[in-house]
Amino acid sequence: MESQVRQLEELAEKFAHHTAEQTDAIFRGDARTGNRHAKQRIATFKKLRAHGNAGRDALAMLLTHPRMDVRGMAAVYLLRYRTAEAKAVLLEIAKGEGLAAFEASEALKRWEEGTWALDPTEDVAG
């Protein structure tokens, strides 16, 4: 059990790493590197999701991450599972300026429209 917890923590750390690296690459104007990190972040989320709600709970630890982009990306992926917490994080980020604020407001808009689908309910496992 303890090894699974550590594995999930490592996956959450990997998610944070790839999110931060993607952001940094975007600001350097390096789209190729940014896209590579985005793909790795998505693959990492799929691994977390394969663990069901335990994986989602591990990702939720990032809702208090020091980097706004990491908090925001975790919140985007957790909108269905941790709606109130995720929306609160995104609303706070959306008040700011820049890329993270734009992404947060767009995620909230998609959520309200009902078009958000990063973690569909049919994939929920115990």
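**Entry 1: a histidine in helix 2**

I started with His37, which is buried at a relative accessible area of 7%. For my own notes, buried means under 20% relative accessible area, exposed means over 50%, and partly exposed is in between (1.4 Å probe, protein chains only). This is a predicted model, where local features need pLDDT of at least 70, side-chain atom pairs count only at pLDDT 80 or more, and totals for chains, interfaces and linings use all residues. Residues are numbered from 1 along each chain as its sequence is written, and side-chain values use heavy atoms, with hydrogens and water left out.

I found His37 in helix 2. Helices here are DSSP runs (H or I, at least four residues), numbered from the N terminus. What does His37 touch, not counting residues up to four places away in sequence? I got His17, His18, Glu21 and Gln22. Contact means heavy atoms within 4.5 Å.

**Entry 2: the histidine across from it**

His18 has its place in helix 1. Is His18 buried or exposed? His18 is buried, with a relative accessible area of 7%. Leaving aside neighbours within four places in sequence, I see His18 in contact with His37, Gln40, Arg41 and Thr44.

**Entry 3: helix 1 against helix 2**

Next I checked how the two helices sit. Helix 1 covers residues 2–28 and helix 2 covers residues 31–49; they pack at an angle of about 160°, with axes 8 Å apart. That makes helix 1 roughly antiparallel to helix 2. The cut-offs: under 35 degrees is roughly parallel, over 145 roughly antiparallel, 65 to 115 roughly perpendicular, and the rest oblique. The axes are lines fitted to C-alpha atoms, for helices over the stretch in contact, and the angles run from 0 to 180 degrees between N-to-C directions.

I noted the crossing of helix 1 and helix 2 as left-handed. A crossing is left-handed if the near helix is turned anticlockwise from the far one by less than a right angle, and right-handed if clockwise. On the helix 1 side, the contact residues include Leu8, Phe15, His18 and Arg28; on the helix 2 side, they include Gly34, His37, Phe45 and Leu48. By class, the residues of this contact divide into eight nonpolar, nine polar and five charged. Ala, Val, Leu, Ile, Met, Phe, Trp, Tyr, Cys and Pro count as nonpolar, Asp, Glu, Lys and Arg as charged, and the others, Gly among them, as polar.

**Entry 4: helix 1 against helix 4**

Helix 1 and helix 4 pack at an angle of about 120°, with axes 9 Å apart. That makes helix 1 oblique to helix 4. Their crossing is right-handed. I listed Phe15, Ala16, Thr19, Ala20 and Thr23 of helix 1 as meeting Asp69, Val70, Met73, Ala74 and Tyr77 of helix 4. Those residues divide into seven nonpolar, two polar and one charged.

**Entry 5: aromatic rings**

How many aromatic pairs does a search of the whole structure find? It finds three. Rings of Phe, Tyr and Trp (its six-membered ring) pair if their centres lie within 6.5 Å; planes under 30 degrees apart are stacked, over 60 edge-to-face, and the rest tilted.

Phe15 and Tyr77 make an edge-to-face pair, 5.4 Å centre to centre with 90° between the planes. The pair links distant parts of the chain, with Phe15 in helix 1 and Tyr77 in helix 4 (residues 68–77), 62 residues apart. Phe15 counts as buried at 0% relative accessibility, and Tyr77 counts as buried at 4%.

I also looked at Trp111 and Trp116: their ring centres are 5.2 Å apart and their planes at 75°, so this pair is edge-to-face. Trp111 is partly exposed at 23% relative accessibility, whereas Trp116 is buried at 12%. Going back to Phe15, I noted that Phe15, Phe45 and Tyr77 form one aromatic cluster.

In helix 3 (residues 53–60), I found Gly55, Arg56, Ala58, Leu59 and Ala60 buried. The buried residues of helix 3 pack against helix 1, helix 2 and helix 4.

Helix 5 (residues 83–94) and helix 6 (residues 99–113) pack at about 140°, with axes 7 Å apart. That makes helix 5 oblique to helix 6, and the crossing is left-handed. Among the residues that meet there are Leu90 and Ile93 in helix 5 and Ala104, Leu108 and Trp111 in helix 6. This contact has 10 nonpolar, two polar and two charged residues.
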